[in-house]
Amino acid sequence: MMGTSLYSPGDSVRRPLAILSALAEEQAGLVEQLQGAQCVSHAGREFWQGQLSGLPVVLALSRIGKVAAATTSVALIERFAAGAIVFTGVAGGVGPRVQVGDVVVGTGYVQHDMDASPLFPRYQIPLTGQTAFAADAALARSLVFACVVGLQGLQHAGRAPLVHQGLIASGDRFVNGLAETRSIVDALRHHGHEPLAVEMEGAAVAQVCHDYGLPFAAVRTISDRADDSAHVDFPAFVRDVASVYAQRIIRELVRALAG
Ligand code: ADE
């Protein structure tokens, strides 16, 4: 990542920071801490407006998959005037050093199931000329900082969580087999992409934010290695690990942004 400056909400003209959670368990603790909480139903979803550490925020659940996450993102921008979007969720680790219990802050996002070839190059989002959308560098740096501070002292399986930064690949499937993971990762590598994690929403939110010119960054807790046991103990991991990480990370992030 270039530069060293952190994200300042003033950069987005003091519009609320949208915090998109993939999982209800991650969001629950944030809603509990929300000051002046107001819940608004819109587009079949619930949006929570209020303040965290004095910072205006709007909280929502992304729902699962690229279209659902894109719809939620557009609603956050059009209806709730979000000035930036931060995403927390879980992902399957596919980078060689990315282990369960680590976190990945995305610096770029690719859709591993996008293939309009031969009309457009593999992975390119038609009519954008882009295959990967970059995270906002300052917001991603702030998220890395929040991870380092927020996860201090925690351990998973006897080891402190590592904070990785790199490419996240999104697609409309839960990757749950070694052969499937290999084929996704090998094909991406063949086209010059080196993914650290796979999930089902990030690249869609990144594309929406790119279209609207809004800062976007995401952090994913690694819940599995996208192999044949990827689904095992998923609910327990979300409850006991991922939701704890997400709440600590967001607490540090909003503290830092609120100044
Ligand atoms: N989210 C968490 N683990 C995942 C996986 N293996 N594939 C897609 N999304 C995920």
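Student: Hi! Which ring does the charged end of R79 sit over?
Tutor: In this predicted model, the charged end of R79 lies over the ring of F80, 5.0 Å from the ring's centre.

Student: Okay, and how many aromatic pairs does the count come to?
Tutor: The count comes to three aromatic pairs. One of them is F47 with F80: the ring centres are 4.5 Å apart and the planes are at 25°, so this pair is stacked.

Student: Where in the chain do F47 and F80 come from?
Tutor: From distant parts, 33 residues apart. F47 belongs to strand 3 (residues 45-52), while F80 is in the loop between helix 2 (66-78) and strand 5 (84-93).

Student: Are F47 and F80 buried or exposed?
Tutor: F47 and F80 are both buried.

Student: What about F174 and F234, why is that pair edge-to-face?
Tutor: Their planes are at 90°, with the centres 5.8 Å apart, so the pair is edge-to-face. The two residues are 60 apart in the chain: F174 sits in the loop between strand 8 (163-170) and helix 4 (178-190), and F234 in helix 6 (residues 234-258).

Student: New topic: where is E201?
Tutor: E201 is in the loop between strand 9 (195-199) and helix 5 (202-212). E201 is buried, with a relative accessible area of 4%.

Student: What does the side chain of E201 reach?
Tutor: The E201 side chain reaches the backbone nitrogen of G65, at 3.1 Å. Leaving aside neighbours within four places in sequence, E201 has contacts including R63, F87, S170 and R220.

Note on methods: Residues numbered from 1 in each chain as written. Predicted model: local features only at pLDDT ≥ 70, side-chain atom pairs only at ≥ 80, totals over all residues. Heavy atoms only, no water. Phe/Tyr/Trp six-rings, centres within 6.5 Å; stacked < 30°, edge-to-face > 60°. Helix = DSSP H or I, 4+ residues; strand = E, 2+ residues; numbered from the N terminus. Buried < 20%, exposed > 50% of the residue type's maximum accessible area, 1.4 Å probe, protein only. Lys NZ or Arg CZ within 6 Å of the ring centre and 35° of its normal. Polar contact = N/O pair within 3.5 Å; in protein donor to acceptor, adjacent residues only side chain to side chain. Contact = heavy atoms within 4.5 Å.
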